[in-house]
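Biologist: I have the file open. Can we go through it together?
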Amino acid sequence: MSNTPRSINGEPLTTKLAMRMEDSLHAFAVRAATFIGELDVPYSEEFDGHDFSATHIIAYLGSEPVGAVRVRWLQSFAMPERLAVIQRFRGHNIGGLLLERCRQLAESRGCSTLYVQVRPADVTYWEKQGWQRLASEPAGAGAKQMIAMVRAVDPSKPMRGSDAPEAVTLRGDAPSPAASGRRERASN
Amino acid sequence: MTTTKPPVPNLAPEVTIKLAATSDEMLQCFALRAAVFMGEQQCPYDEEFDGNDYTATHVILYVDGEPAGSMRLRWFQSFCKFERCVVLRRYRALGLHHQLNAWCKEFARRKGYTKAYVHLQKRHLAMMEKEGFRLVDDRIFNFSDHQYYAVYCDLVPPQDAVTLQTVPMVVNRPEDRLDEEGVLEKSAARGATNPHVHAERRAN
């Protein structure tokens with residue numbers, strides 16, 4: 001992301017794939033701080049059983065874990081979710097940096113499509129980042145309302161987009177929209 | 001951003017407390033501490049996860065099956081140190097830390113400890129005095145942006161507290177269930193049948 005600084009106040013900003021137990025704990029701690037501590041999500045919804053079949057990416061400012069995202073892999077798409085940035089580190093597009101790392105990882109695996117579920121209030125942010133709505137109407141009800149959005153992994157090969165929702169097939173192990181409606185948070 | 005009201009808590013919830021005995025239960029403790037200390041109190045990761053987590057005992061408290069509170073215990077020769085006590089914000093009105101403290105005191109007593117020791121923020125002093133804690137001395141010290149006192153509480157070990165004279169297989173039981181038969185006692189039915197033993201006999 002061109003508008004993402006490589007350092008903040010002299011501390012280098014880096015991302016890393018979780019390779020060891022301790023790396024995963026960094027990701028889990030950032031999510032717990034954000035979703036459980038700040039947004040009051042119950043533990044059992046936040047840690048939903050997908051964590052040990054997914055890929056975790058962590059953002060560090062110096063040695064401090066400040067952001068995290070989880071990617072799940074489906075045949076039709078890669079699904080970034082549980083995007084979180086610790087409150088006092090927001091405003092530096094660390095979320096954008098994490099999503100770019102997701103995109104690069106998906107590209108290296110030969111995936112063509114990224115898929116996210118976002119809160120209706122956050123759609124504008126995601127559209128600015130180049131994502132398109134998959135359906136015009138949100139799914140789910142109340143606070144759990146979500147909108148599915150997609151993005152081409154390779155920006156030079158744009159998707160047919162929202163006029164062709166059949167281009168994306170949701171596989172069986174995807175969570176129900178109601179279970180993950182408020183997960184994706186714009187980080188700035 | 002739309003805000004959502006947290007659900008109204010059940011005022012007579014089922015509270016269970018146990019030793020964190022699996023990596024999943026330890027992760028629950030770590031997540032609760034990250035939520036409260038990193039999420040609410042802006043504590044840096046390295047100060048919260050300070051290197052003592054893998055030398056400590058972790059206790060987890062559930063409310064209606066949901067992880068809600070946690071405590072870390074460290075064991076010294078003359079006392080047990082209670083630390084990293086957390087209750088999630090949505091469960092705070094229920095006074096759960098009293099139950100967590102009481103459980104940990106009982107746990108330490110049964111292991112034979114005569115003192116519980118805590119580093120306490122001044123604002124919590126009156127509350128903990130009601131639970132029998134008092135100042136060790138007048139030293140005040142700072143860490144992680146807070147001011148602390150050291151307090152302690154006398155514990156009276158029960159008759160069946162673990163000592164050198166305790167039945168050996170009782171010492172091997174899960175420490176939060178010393179009154180129940182443990183998995184190793186069930187294994188006793190197999191006898192001393194490890195082939196390694198027979199190999200040694202043959203060698204002699």
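Biologist: What pLDDT does chain B average, and what share of its residues score at least 70?
Modeller: Chain B averages a pLDDT of 91, and 92% of the residues score at least 70. pLDDT is the predictor's confidence in each residue, from 0 to 100. This is a predicted model, in which local features need pLDDT of at least 70, side-chain atom pairs count only at pLDDT 80 or more, and totals for chains, interfaces and linings use all residues. Residues are numbered from 1 along each chain as its sequence is written, and chains are lettered from A and ligands numbered from 1 in the order in which they are written.

Biologist: And what ipTM and pTM does the model score?
Modeller: The ipTM is 0.79 and the pTM is 0.82.

Biologist: Chain A next. How many helices and strands?
Modeller: Chain A has five helices and eight strands. Helices (H or I, at least four residues) and strands (E, at least two) are DSSP runs, numbered from the N terminus. The pattern along the sequence of chain A is β-β-α-α-β-β-β-α-β-α-β-β-α.

Biologist: What share of chain A is buried?
Modeller: Of its 188 residues, 41% count as buried. A residue is buried if 20 or more other C-beta atoms lie within 10 Å of its own, exposed if 12 or fewer, and partly exposed in between, with C-beta atoms placed from the backbone.

Biologist: How long is H3 of chain A?
Modeller: H3(A) covers residues 94–108, which is 15 residues, and reaches 21 Å from its first C-alpha to its last. That is close to the 21 Å expected at 1.5 Å a residue; the expected span is 1.5 Å times one less than the number of residues in the helix.

Biologist: Which of its residues are buried?
Modeller: In H3(A), the buried residues are Ile94(A), Gly95(A), Gly96(A), Leu97(A), Leu98(A), Leu99(A), Arg101(A), Cys102(A), Arg103(A) and Ala106(A).

Biologist: What do they pack against?
Modeller: Against five elements of chain A: strand E2 (11–17), strand E3 (55–61), strand E4 (64–73), strand E5 (78–85) and strand E6 (113–118). Just after H3(A), Gly110(A) takes a positive phi of about 80°.

Biologist: What about E8 of chain A, mostly covered or mostly open?
Modeller: Strand E8(A), residues 147–152, is mostly covered, with five of its six residues buried.

Biologist: Which way does it pair with E6, parallel or antiparallel?
Modeller: E6(A) and E8(A) pair in the antiparallel sense over six bridges. Two strands pair if DSSP finds at least two bridges between them. One bridge puts Val118(A) with Ile147(A) of E8(A). Strand E7(A), residues 132–133, also runs antiparallel to E8(A), joined by two bridges, and Arg133(A) stands opposite Met149(A) there.

Biologist: How many residues does each chain put into the contact between A and B?
Modeller: Chain A gives 22 residues and chain B gives 23. Two residues are in contact if their C-beta atoms, placed from the backbone, lie within 7 Å.

Biologist: Which element of chain A gives the most?
Modeller: H1(A) does, with 10 residues. Helix H1 (21–38), helix H2 (43–46) and E4 of chain A each supply at least two residues of that side. By type, the chain A side divides into 13 nonpolar, five polar and four charged. Ala, Val, Leu, Ile, Met, Phe, Trp, Tyr, Cys and Pro count as nonpolar, Asp, Glu, Lys and Arg as charged, and the others, Gly among them, as polar.

Biologist: Back to chain B. How is it divided into domains?
Modeller: Domain 1 is 15–161 and domain 2 is 162–204; the bounds come from an automatic or database domain assignment. Taken over C-alpha atoms, the centres of the two domains of chain B are separated by 32 Å. Their contact takes eight residues from domain 1 of chain B and six residues from domain 2 of chain B. On the domain 1 side, strand E1 (15–19) and helix H3 (96–110) of chain B are the elements that give two or more residues.

Biologist: Last one. Why does Arg33 of chain B count as buried?
Modeller: Arg33(B) counts as buried because it has 26 C-beta neighbours inside 10 Å. The residue is in helix H1 (residues 23–40) of chain B.

Biologist: Which residues does it touch?
Modeller: Not counting residues up to four places away in sequence, Arg33(B) touches Glu48(B), Ser70(B), Arg84(B) and Val86(B). Arg33(B) and Arg84(B) are 51 residues apart in sequence and 7.2 Å apart in space, C-alpha to C-alpha.
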